[in-house]
Amino acid sequence: MTPPPPQPPTPGPNPTADSAADPGPGPGPLVVLFGATAGALGPDLGSDETDLILLVWQVVEPRSRQVGTLHKSLVRAEAAALSPQCREASGLSSDSLTRAEPLDKVLQQFSQLVSGDVALLGGGPYMLCTDGQQLLRQVLHPEASRKNLVLPDTFFSFYDLRREFHMQHPSARSARDLTVATMAQDLGLETDATEDDFGVWEVKTMVAIILHLLESPSGQLFLKPEVVKQKYETGPCSKADVVDSETVVRARGLPWQSSDQDVARFFKGLNIARGGVALCLNAQGRRNGEALIRFVDSEQRDLALQRHKHHMGVRYIEVYKATGEEFVKIAGGTSLEVARFLSREDQVILRLRGLPFSAGPADVLGFLGPECPVTGGADGLLFVRHPDGRPTGDAFALFACEELAQAALRRHKGMLGKRYIELFRSTAAEVQQVLNRYASSPLLPALTAPLLPIPFPLAAGTGRDCVRLRGLPYTATIEDILSFLGEAAADIRPHGVHMVLNQQGRPSGDAFIQMTSAERALAAAQRCHKKAMKERYVEVVPCSTEEMSRVLMGGTLGRSGMSPPPCKLPCLSPPAYATFQATPTLIPTETAALYPSSALLPAARVPAAPTPVAYYPGPATQLYMNYTAYYPSPPVSPTTVGYLTTPPAALASAPTSVLSQPGALVRMQGVPYTAGMKDLLSVFQAYQLAPDDYTSLMPVGDPARTVLQAPKEWVCL
């Protein structure tokens with residue numbers, strides 16, 4: 001331990017000093033404070049989340065150069081085990097700490113003793129002074145937050161002795177590298193070896209340094225204190241904002257129900273920028289346990305990184321560096337409506353999920369009731385909508401205070417009409433993310449090429465001549481499937497392997513195999529069911545071509561039966577929407593590049609329409625349709641894909657502009673007699689049709705039928 005300096009001036013009032021000279025205006029009384037935890041010391045103080053075990057303090061009157069009585073108090077720690085470093089430096093034992101007072105009692109004694117000493121030295125408001133920022137920001141505030149203690153206001157502002165010393169001696173060292181011993185050495189203060197009480201030497205040395213600094217004629221010391229924010233402030237962020245990457249961290253492992261206030265409490269003692277907590281959402285719009293936090297400066301960010309693997313409840317939280325671009329991507333927005341909604345300060349934001357699509361502001365206000373009024377009434381509600389104006393069932397509401405928000409949260413899972421409504425705490429960044437998600441381009445972008453057309457007719461039928469493979473590894477290839485089927489691979493139809501992709505264009509773990517007969521399909525299912533592929537067992541069950549077609553077009557096939565694709569639902573029928581002049585949804589180029597080129601048609605066969613028309617909204621198509629990768633099935637597959645010959649009657653009635661385009665006509669065989677125009681349009685919802693909408697579907701001439709009969713074959717332009 002570094003030997004102590006000479007004893008500072010005698011404690012207590014000094015009338016001689018008061019009458020000798022009038023030092024003039026200056027800082028008020030300073031309380032020099034030192035503390036230690038049961039774990040790490042020095043620059044790592046507070047980084048191991050251990051409890052405070054010691055406080056030592058002494059009052060200094062800068063104007064009269066008087067000092068008060070030096071006090072030392074032990075603090076009872078919940079985990080009394082001391083680290084070897086702390087035991088060696090302090091000489092304390094676990095038994096002495098178990099007999100000490102708890103932190104709340106010690107803080108009460110601290111306030112009483114400081115007030116008495118300040119009164120003896122002339123009175124006035126006092127300010128804390130510490131060696132660095134770790135004691136208050138990394139120890140006292142986090143521990144008080146964990147123990148639900150309310151710190152006095154005096155602990156929310158303080159002077160950093162290292163920073164004050166560096167202001168007067170900028171050429172010595174950087175403020176972060178300074179210690180009490182190095183500051184005393186740079187000032188030339190003499191020390192002796194008579195003081196070995198842990199914490200006492202540090203406080204006496206800090207008092208001597210302060211008195212020496214006050215002798216400087218500059219008079220610019222102890223005028224601008226460090227401030228600890230008492231409350232996190234919410235606010236919006238714009239996409240145009242420039243955020244310094246040295247001020248952002250990523251927290252991972254948060255409980256899914258945690259709010260921005262919970263994150264701010266985890267970083268208690270550190271100053272988070274206004275609107276600086278951005279909770280991240282997953283692809284389904286739900287929180288994924290991560291958040292990006294923006295601090296006011298790089299020093300606060302560095303202290304935040306020391307809280308890596310600190311605990312929030314029973315969960316430890318990982319803290320890593322992040323970039324300003326990542327923060328703006330998550331928290332930034334461009335909507336003026338959102339900016340106006342978030343412009344109200346000091347508001348608590350709640351998210352409502354599961355609202356009926358017909359619900360309006362009056363319905364939501366009535367659901368919440370008069371006991372928890374929304375700020376501004378209907379203006380305090382923000383409904384989330386699709387780009388075409390359809391409601392999503394989500395909304396955000398503003399409340400003036402925490403009490404009103406708590407009252408609203410008690411309506412969680414209350415009924416509005418026939419639906420129960422979920423309420424959650426939300427943040428400004430979550431509002432931006434949700435609105436950006438629905439306002440931005442969908443997950444599968446709309447591209448004009450390359451197309452992945454169906455190179456074979458998926459004729460409807462009830463014969464179970466197909467098998468479904470469920471539970472495939474995501475890395476499974478066509479060769480893996482052929483090897484998995486073994487001898488049954490010889491019974492696969494040409495181009496009969498269909499691997500289903502999810503909405504992100506990645507393998508979903510499902511595949512359909514068209515076999516040559518129902519008997520071969522049943523035999524393959526019996527032979528390969530629950531057989532292992534790459535350490536995963538795969539379910540193999542027979543199914544019909546109709547069931548396969550429904551799943552490939554977005555339907556589901558489960559144990560309870562088959563459900564149609566969403567495009568067959570009344571809410572998505574073509575008459576409900578106006579036509580959208582937009583490029584229809586196709587498989588993106590990145591996805592097509594993953595598969596063999598032999599699975600794609602030649603470029604000459606790619607249809608192109610001069611004015612494409614989509615009869616279903618692009619977002620609805622991209623959200624619901626199952627995209628399929630069509631693989632060739634060697635060794636029986638042809639090298640090219642042919643088209644059925646179009647009847648002469650259909651060619652005679654087709655426009656010349658359409659016939660001039662290669663591959664512009666497609667003939668459908670095996671269409672059910674009950675199929676109507678809407679059913680045929682739903683099949684081609686992801687492809688371009690000729691601009692003459694329904695007139696592009698022409699029935700092929702067959703022998704005369706009654707009025708109630710529909711043609712079985714159609715030609716699509």
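Seven aromatic pairs are found in this structure, which is a predicted model in which local features need pLDDT of at least 70, side-chain atom pairs count only at pLDDT 80 or more, and totals for chains, interfaces and linings use all residues. Residues are numbered from 1 along each chain as its sequence is written, and side-chain values use heavy atoms, with hydrogens and water left out.

A pair here means rings of Phe, Tyr or Trp (its six-membered ring) with centres within 6.5 Å; planes under 30 degrees apart count as stacked, over 60 as edge-to-face and the rest as tilted. Two of these pairs are set out below.

| Pair | Geometry | Centre to centre | Angle between planes |
|---|---|---|---|
| F34 and F198 | edge-to-face | 5.8 Å | 80° |
| F266 and F267 | edge-to-face | 4.8 Å | 90° |

Let's start with F34 and F198, which link distant parts of the chain, 164 residues apart. F34 belongs to strand β1 (residues 30-37), while F198 lies in the loop between α7 (180-187) and α8 (200-214). Helices (H or I, at least four residues) and strands (E, at least two) are DSSP runs, numbered from the N terminus.

Buried means under 20% relative accessible area, exposed over 50%, and partly exposed in between (1.4 Å probe, protein chains only). F266 also counts as buried, at 10% relative accessibility, as does F267 at 1%.

Elsewhere, ring pairs join W57, F110 and F155 into a cluster.

Charges meet rings too. R411 lies over the face of F367, 4.4 Å from the ring centre, and the charged end of K531 sits over the ring of F484, 5.5 Å from its centre. The criterion is NZ of Lys or CZ of Arg within 6 Å of the ring centre and within 35 degrees of the ring normal.
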